[in-house]
Every structure is written in structure tokens, then in C-alpha cells.
Amino acid sequence: MADMKIGAYICKGCGLGERLDCDELETIAKRDGKAQVARQHDFLCSADGLKTIQADIDNEGVNRVMIAACSRRAKSEAFNFDGVTISRANLREGVIWIRPDDDELRETTQEMAADYVRMGCAEAKYSTPPASAQEKGTNDTVLVVGGGITGMTAALEVARTGYPVHLVEKTGELGGAAAKMWKDVPRHSPYTDPVDTEVARLAAAIEADNRITVHLNSTITKTSGAPGRFSADISTESGNTVTENFGAIIQASGATPYDANQLPELSYGKSKDVVDRVELEQLAIAANGGPIKRPSDGKEVKKVTFIQCAGQRSDKEGHLNYCSGDCCLTSIKQAMYFKDQNPEIETEILFDDLRTPGAPGEDFYRSGQDKMITFRKGQVSEVVAGDGGPRVRFKDLILDEDLEEEADLVVLATGMVPNSGVDIDNVPQNEPGEWEVNVDSILNLNYRQGKDLPHLKYGFNDSHFICFPYETRRTGIYTCGPVRRPMDTQQAIEDATGAALKAIQALESAKIGRAAHPRSGDLSYPIFRKEGCTQCKRCTVECPFGAIDEDEKRYPLFNESRCRRCGTCMGACPVRVISFENYSVDTVGQQIKNCDIPEEFDEKPRILVLACENDAYPALDMAAQQGNSYSQWARVIPVRCLGSVNTIWITDALNSGYDGIVLMGCQKGDNYQCHFVKGSEMAHTRMSKIDDTLQTLNLEKERVATYEVAITDIDRAPQLINEMAETVNQIGLSPFKF
Amino acid sequence: MSEVIATNQTILVVGGGISGMTAALEAAECGKQVILVEKNPSIGGRVSQLYKYFPKLCHPKCGLEINLRRIKANRNLRVMTLTEVSGISGESGNYSVTLKTRPRYVNENCTACGACAEAVESEFDDEYNYGLSKRKGAYRPFNQSYPERFVLDPAIIGTADADKAKAACKYDAVDLEMGDSESTITVGAIIWATGWKPYDAGKIQPYGYDRYQNVVTSVEFERMLDPHGPTGGKILRPSDGKEAKDVAFIQCAGSRDLNHLKHCSRICCMASLKQSTYLREQYGDDAKGTIYYIDIRAIDRIDDFHQMVKDDPNITFTKSKVASITEDKATGNPVLHGVDTEGYHRYSNPHELVVLAIGMEPSVPANGFPMPVVLNEEGFVEQDEANGAFFAAGCSSDALDVNRAVQSATASALRAIQVINKVAGAEG
């Protein structure tokens, strides 16, 4: 690295010049911040201001730019220079906007600004421009696991975009669940009649596409590597294994029909004329457009009853707690099989809530009504054997009557169970990579943290985020179709297309060493200093994305392109050997150290606030925008994630005389809002252990507080800071002031 | 304004709500050149007006912050606000698109310091709060709005307020000479993400939305919960500002109805279930919620949210399409009339406030598209080869929740990229 040269630029716009002594700030930047170049500008984000900075970069060799102006969230497109690091001292939202404009308060407001200038320079001094990861995978091929409609669509869409694909299917043919259907729910307007499943058309298109290689009767027996350089063993039933390399992976492993044998109360298994939805499709295929005959005696069905939510939406033992999403449409479609063949056949659908959303869903439902399918809000208690056929006992909720009706055939609208492999959070691990499991893994990842993708609720492999359905917890591996959420074919096709984009994006990002969502575009990556490592494994255990394995000597083995740059490993490391070029124990630690701690008799406390940059920090910014105020003693430092907070920062801060520390992270727990999964939770855990440190230092435990703060906590976040100021006021200043 | 550079390898995204932002970002993060146009002064769309999402009850602004950071960091993506598409001609891989941009009267010098808003006096209905509050004639649409610039209401141009705004600005950012501008760009593919609008509740005549103050829509109710919104975060009755603890939610208000929208708007059931939790959060055991419904469509694995609300003794469910609403003059309470179809009981139930779970209508009417597009009967864009490289994303394709809208947007981004890659391949 060439010589470091800090340029400090102090803006006097937006009232900064009037509220603050910018000459003094310039002096501080030079004297305390060691900035070789320091300038003031009336309007730094103007074309002229930016030109000044660029000229210093070009002519003076400035390579660490420290901008003392507005929040790092503002004008970030203007203050965007190549090849240098950029630090921001937040004098507007962080100082003058959150402090009242009052002559008596001028001194403490100026001190805040001065500290932020010192802190900004310290950050600049310890940062280097990210050079992008060393490990750059260049593989362009996408692996698609699962050859149902979802996987077939994903493969075709990837190929259509110009990338090669390997499609692996465990059975002997493509098509999955749809191949076992007579017809499917319509996917185009008009949404009135069952349509061809299009399995044959998709299979032919795959056959015709020379970018797609199909592996039938095959499973993935081992997956290793990272985006851009995955390696997968594809093994056939007969034991032949080929190893292929991939840039990204799409998991479309689908769902298994719920086992209706768990529903004896509905006579499944007892009466041949009680079938599940899959068996009804087989009967329809056998009928091939002619009359559908019932299994027991081959009699043509004249009356069929569909029981919705069979074994679903129920907390009974063995039932599914969720709604499988597509069963209402499927039963309407299946009732049409009968009605379209012979309108005289009685078809009745017993439902609780009929769920046919959107325009296509409601049109199809209406078409069912037009075809004279009977829809009845009824709660089925049991199905019993009768002379002529199964008898359904139910309560008609509209008539408020208990009824019993006989049918030739009863169809149970059973749900789907995701094929999501090993539930890695709930299986014992004997040794790293050795699992006590008897469930077949889908991907057989050789990751330290488990063979498959972590499950969400009910075993689905979904993203946890509403805004980001493709925010995967294993970088470069995307699930789609019913393995991630119960869904119908139309949605699965859409989902597969989306997943195809994400897979392509992941491999393209890996090529240039760029992070994936949510820090997309970040070129920094974790740098590990092996010499100091004590092999404590905290980083490998705590990484929310399974990015770190262990080598044969049990040192952490970083897979940069799996890394999401949250810094949780850095926060976890007790010996501080993990850092990023522009975010490290030093870039934050030195900010803490470079804040001026007044002597005890000055009676000016200092409160360190470490705030999540995505939620708490914006909340504080917006509080400033709305005219809120918070304590003049606070010094706020944004962190990538609360999970990146290393306890050394807390210990150092306490040792150097800070009087209080406030940590603000996202909501943790089941409904966590932390985009780095467990960062906030881990920070809370780490901080619960900080009490020992406080005790050793003989400090009150109230001096450190950890909170869950949402981006909308515009009033609450400042209040939490003020509460700490009040606490410090009550318990007194820290004795550690030197 | 600097000239817009676009080629037949550029993707145009129309609409800056969550679907448009997603489509634009996903394509740009694949390395493609993208132009995102939005007709309002800020991107963000309807999710920026939501207090919380179902089923996680997390805040949409958190995702918006991430998306805005992605947008600011991405040099492949260019955002044009106050801009609409007025014409499209050409074919897949080579479209000529006419864009019309209305004046913001504030240029890129703006630092969002707010001095102009302090200076002006006139006030207008605040669109962000669906007219439930007022905003200044110089304003920032909301606290996260992007671009981070103020905007002048065209109504103040030519008035003293405009001059005050200009005089207050120290950065020469207020430009009263700005006018309409038009430009024609070439793009290879178009992603249409114009989203939805709430169905006009006034058209549901028996519900008296335009007659009774205490009948509000679900989108208005959502704004009440914003701590910085029109009621400071409190659930209050518009008529008298009293706390509304007994609230009725009417499902399918305008949806699943041949007289109005014949489709199911999908989100309304979950939205009302979510909003019933707001009520409980705010008024505890004093809260009483009643949900009038046809079917509760808490589809797939989020049905557990429905179960959770069902288990709440203070929230009751009545299977009924409400026939009409009258008003009790003495109390201002809306009175709901109808038949509970479970057992066929007639009811006339007074409540303190009624929330209409209002349906989703496509923003652009069937005759409002700038090129011929295949639509379904409900006016949503069909995926059809005849549409060429015009791909619908999000709620312009169907009534979708946020999760599905984002999936749809991501898929549409890939479809657009496929066209661009083909163009690039052909041109070497």
C-alpha cells in the first residue's frame, strides 16, 4: 500500500458553519486526526466541493477521505470516490440537528463535533480501500437439484439467459408431481378449465437445449466450495459418481404428498373409495377423459365429495399446522374432471375457508360455481364405511346442522411436506461434519454447519424476509418451489425464474469478489491472521451463513464468496485476528479511543452508542430530521451488525473512562429482523456476559445496556440514549478517567 | 437535467414501488444498465406507507433502507422521479420510449436541509397520509424519501410562497424556471411495475365511506399507526378524535364482487388480521375487534397467524358479507347490518370505527397502457408472448402480497435480461 494520506473536508453548509467553529474543527483534524490535508467548504456536496476533493485525490495523493458533513446515509452518491476509503463524521444529523440551537449549549455541541472529526480521522487512518476478495470463482454453470416443474423451469430459464445447467433428478424421469397429474390449474387467461400440465413440452425443450445436461436417477452425494467454485458429486442409484463444478446452485427439491394413512378417522386405508389427491389424479389418468371409476368395484362415480384441509391447518398430532396453499384450486380442478365429463355427476367440496386468491384463483372458483360444483362450508368429523360407499359425517356451518352423506368416492385434499433434507439446527453433531441423522440430505454440503440449508418454520427452506424472498442463508444456493413454501404450479414457475436470476447474479458476483445481498457490491472480505488464532471455533460456530469451515488442523477456513460481510466472526473472535479492510477491531476501536474523555471534575460524561447501521442508525438520523434531541454526551458509531461488536470495544471503552454504553441492534428471536440472522441475538448473549467485566472493574452493571431497536423507533432510540444519560447522572461518572 | 443515456441493452423499469425497485436492483446487480422511472417525487411506493408487514410484524422501512442503500451504491442504475411513460413503439430488443418529466422545482443542489419548507406557508393534503393530514407546499414526501430532495407543489408556483422557498434556499437548489420535459430513449426491454391503487371506497355505496366519517379504509388505518403520522400513532375516530377500541374490519370491500372488483385481492385478510393486532397492542384488554369475512385467505404457511388471532378472545370472526352500514347519530357509531351465515342470524352491530379491507385495483386502467398489452379480464397484465419484451412485475400482474410481488419482480428482471443478452449476443 502506498503512503497513507488523510484528507479531511469540513462542510459549512446546512447551518454547520453557523452552529460550529469550523476553524477549530480543521485544526483538530490536522492536529489530532493527523490529516495531511484539511479544508473547509461552504457547500461540500456541490460540484465545486466534490471537485476540490477529487483534485486532492488526483494531485495531493489523498487516499483516505474524511468528510465531516451530513450523515453517511445522505449524499452518498456525491461523496463517492474511487480507489480511496471514505469516512463520514456526522455533524448534521448527528450533532447540530439533534442538539438545540442555544448559546449555552454551544460548547458541548462543539465538543460533539470535534469528537466526530477525531473519530472520522481515526477510522480513516485504520482503513484501507477494499481490494476485493482474493478467492474468485469463475464457474458459470448452474446446478439445479430437482426435476419437477420448478427445477425444469429453473433449468430452462438459466439456459435461456445463456448459462450452462446441470439438472439432477432422483427419479427416472422429469416432471415431478405435475407428471402424475391428469391436468393442471390454468396458468393463462381465461382461468376457466383445467389445462395440460406442460410437462412434456418442458421436457422436450430441455432435451432440445444443448446447454442443459440432465442426470436422471441421480442425487447429490457431496457439495463443497463456494459461489463461483462449487463442486458437487452427482451419483446414480447404481453407484456411479461424477464430479462437476458449478457457480451457483438452485434447490428445487419440491414436496412430498402428506401421508393420508395418518388420517384413519377419515377412513383412509380402510375404505378403497377414500383416496388422496394424488390417487384421484391417477384415477383421472386411467379414465383418460372418460368416466372416472372408483377403486373398490370399478363403478362409475356419480357422487364425489372433496374434504378440504385433510390433516392440515390443525395442531393435532401428526397433522400439518399450515395450509398447503394449492389444495382449494386442486379440488376445484379435480371436481371439474367429473363435471366436464358429465355435468350430472354430483360434486361437493366441503371447506372451511375457500382459498383461491388473486384474479386467476377467483376466476377459476367462479368457473367451478358456473359448472355447478357444490361448495359447502362444513366441518368433517369422520368418514365411515356405508353400504353404497363411504359416508361423510360433517357439520354444515351455514345450516348449523350435523349431517351425514354418502358418496361414491371421497377425495381427501391432503397437503404437502417439504423435501428440505436435514434439519441442521435440530440434529446432534458428534464431530464437525458428522451428523446423527437418518433423513436423506438433499445437498450433502460438507459445510461445518450442516448438510442442508437451515429450515424455517414447518421445515420449509424459505427466506425469513418479506422484502427479500431470496435472502438465502447459504450464499449462492437458492431454493424455489414448494420446498420453500407451499405453492401451486403457477407460483412455482415464477419462483423458479426468480431463483434462476439470483443464481446467475451470485456467480457473476463471485467472479468479481463482490458480496451478495444485503451488502451487495461490498468488496471487503474477512482477513484472518492465523498466527494469533487459538482455534476456539467461535467464528465457525457463530457465522450465520456457514461461510467458515475448519481445516485439517482445525483452523478456521474462510470461504470468502460465501461470506456476507456482516462481521459476526470479527465480533466473536476473542483474540481479534479477524478484520475487514475497511471495518475492523481497529477502525471502530480507534474511534472509541480517539474520542476526548474529559477529566472527572469537568462533569462531562461520555456515552458510547454502537448502533446497527441499517435500523438504529437510520432511526437516529430520522429523529434528527424530525427535530428530536438526545444527550450531548453521546458518541454514536454505526456498526455493520451488532453481531460484529467485539467485547474488547466495550472493555476498552470502560477502561478509558466512558460512563455508559448503549448497544442498539435489531429484533432477535423467532421473528428476528436482523438481516444477518443471529447477529443481534449473539450480541445480546455476549453482552450478558459483560457483567463479569464490569464487576472486575468495580463498575455498575447499568452502565452497559443492550436494546432491540427498529428503524421506526424514531422517538424511542433518542430516549434510550437519554435514559443512559440519566442513569449516569444518578450513579455518577466512571472512575476510569485519566 | 443531464441527458439520459440508454441503448437497446438498457432495461427500463416503470414504477418505483417495491416491485420496481427490486426488478431494477436485481437486474443492475447482474451488471445490466437500468433506468427506473417513477411518477411520484419519491420512490418507495405503497409499502413505504405501511406500518408493519404481516406475518412477521416487522417494519417495511427496514427493507426500504436496504434497497435505498443498494440503489445509492449501484452505478448501473439511474432513477428518474416525476416521470411517466407516454409512448412506447418498436419491438422486443429495440423499443423507443417517450418519457415525460414534470418539474420538481428543486435541483440536485438540494441538501434536504428543510429551509424551504420552513419558509412556505401554504398547506396541501398529504398524499403520503392519504389526505389524513396536511403537508407544506415545499416538502419532502416522507422521512426516507429518495431522491433525498425536497419538492415544490406545482400549485405554489407563481405565488409568493414560491419566492419564499427560493429565497430561503442558500444552495441555489430552488429553480422556479423548471418546466415539463420530454425525452425519447431506446431500451431493449421494459419491466412494468406500476402496482396497484386502493379501490375507490366511495363506489361501495351501502358502506357509506363518503357519508360516515368513522368508516375508513385499511390503507388509511395503516397510516394512523405511524408514530409520526396523522394521529401520532393512535387509533382514533375521525369524527371526534376519540379512541376507537371497538373496531370492525370488513373483508372483501370491493373485492370478490361482480359489481366492483371481481378478483380476490389476496392481501386483505392478512392485512385485517395484522391490523387487529395493532388494536390489541394499543388498547390491551379493552380492545374489541370483529372481522366480517367470506373466507379467511391466510394462505399457506402463514395460516398460523390466522390461528393466533382466532385464539384471541377479544377478536371475533363473523362469516358474513356486510349488507349495509348506517350511522347512529347520537354516538357517531357506524352500525353494520347483515346476516351471519353461520346459523343465519340477522345482526345490527354498532362499532366505534369501521375499517374497510379495501381491494387492490391495477393502477393503470386497461385503456391506459402506452402500447398494446395482453390483459386479463381484471386488467392485470398476462404473461404472453404477444407482449414482446414488456414484462409485468408485482401487482401489475396480479393481486400479490409483498413476498410474491418481489418474486415476480425478480423473475421479470431475468426475463428482461434474457432479451438484453440476446441483443448483446447479436451485436457481439
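Me: In which loop of chain B is Leu82(B) found?
Reply: This is a predicted model. Leu82(B) has a positive phi of about 55°, although it is not a glycine. In general, most residues other than glycine have a negative phi. The residue is found in chain B, in the loop between β3 (77-80) and β4 (83-91).

Me: Is Leu82(B) buried, exposed or partly exposed?
Reply: A residue counts as buried with 20 or more other C-beta atoms within 10 Å, and as exposed with 12 or fewer. Leu82(B) has 19 other C-beta atoms within 10 Å, so its class is partly exposed.

Me: Is Ala112(B) buried or exposed?
Reply: Ala112(B) lies in the loop between β5 (94-101) and α3 (115-119) of chain B. Its phi is near 60°, a positive value in a residue other than glycine. Ala112(B) has 21 other C-beta atoms within 10 Å, and 20 or more is the cut-off for the buried class. Ala112(B) is therefore buried.

Me: Which residue does a cis peptide bond join to Phe54(B)?
Reply: Most peptide bonds are trans. Here the bond is cis, with omega about -10°.

Me: Where in chain B is Pro147(B) found?
Reply: The peptide bond from Tyr146(B) to Pro147(B) is cis, with omega near 0°. Pro147(B) is found in chain B, in the loop between β8 (138-139) and β9 (151-152).

Me: Which element gives the largest share of the side of chain B that touches chain A?
Reply: In this interface, 63 residues of chain B are in contact with 71 residues of chain A. The elements of chain B that give two or more residues to its side are α1 (18-28), α2 (60-73), α7 (303-310) and α8 (402-427). The largest share, 12 residues, comes from α8(B).

Me: How many charged residues are on the side of chain B that touches chain A?
Reply: By class, this side has 23 nonpolar and 18 polar residues. The number of charged residues is 22.

Me: Are α1(B) and α8(B) parallel or oblique to each other?
Reply: The axes of α1(B) and α8(B) come within 8 Å and cross at roughly 40°. Angles under 35 degrees count as roughly parallel. The crossing is right-handed, and the two helices are therefore oblique.

Me: How many nonpolar residues does the contact of α1(B) with α8(B) have?
Reply: Residues that meet here include Ile18(B), Thr22(B) and Ala23(B) in α1(B), and Val402(B), Ala409(B) and Ile417(B) in α8(B). By class, the contact has five polar residues and one charged residue. Its nonpolar residues number 10.

Me: How are α2(A) and α5(A) oriented, roughly parallel or roughly antiparallel?
Reply: In chain A, helix α2 (residues 22-31) and helix α5 (residues 106-125) pack with their axes 9 Å apart, at an angle of about 30°. Angles under 35 degrees count as roughly parallel. α2(A) passes α5(A) in a right-handed crossing. The two helices are therefore roughly parallel.

Me: How many nonpolar residues are in the contact of α2(A) with α5(A)?
Reply: The contact is made by Glu24(A), Leu25(A), Ile28(A) and Ala29(A) of α2(A), together with Ala113(A), Ala114(A), Val117(A), Arg118(A) and Cys121(A) of α5(A). Two of these residues are charged and none is polar. The number of nonpolar residues is seven.

Me: Which strands stand at the edges of the open sheet in chain A?
Reply: The five strands follow the order β7-β6-β5-β11-β23, with parallel pairing. The twist averages 20° from one strand to the next. Each edge strand has a single partner, so one side of each is left without a neighbour in the sheet; the edge strands of chain A are β7 (212-215) and β23 (477-479).

Me: Which residue in β11(A) is the bridge partner of Val142(A)?
Reply: Val142(A) and Val144(A) point one way from strand β5 (residues 142-145) of chain A, Leu143(A) and Val145(A) point the other way, and all are buried. Four bridges join β5(A) to strand β11 (residues 248-251) of chain A, and the two run parallel. The partner of Val142(A) is Ala248(A).

Me: Which residue in β6(A) stands opposite Leu143(A)?
Reply: β5(A) is joined by four bridges to strand β6 (residues 165-168) of chain A, and these strands run parallel. Opposite Leu143(A) stands His166(A).

Note on methods. Residues are numbered from 1 along each chain as its sequence is written. Chains are lettered from A and ligands numbered from 1 in the order in which they are written. This is a predicted model: local features need pLDDT of at least 70, side-chain atom pairs count only at pLDDT 80 or more; totals for chains, interfaces and linings use all residues. Two residues are in contact if their C-beta atoms, placed from the backbone, lie within 7 Å. Ala, Val, Leu, Ile, Met, Phe, Trp, Tyr, Cys and Pro count as nonpolar, Asp, Glu, Lys and Arg as charged, and the others, Gly among them, as polar. Axes are lines fitted to C-alpha atoms, for helices over the stretch in contact, and angles run from 0 to 180 degrees between N-to-C directions. Angles under 35 degrees count as roughly parallel, over 145 as roughly antiparallel, 65 to 115 as roughly perpendicular and the rest as oblique. A crossing is left-handed if the near helix is turned anticlockwise from the far one by less than a right angle, and right-handed if clockwise. Two strands pair if DSSP finds at least two bridges between them.
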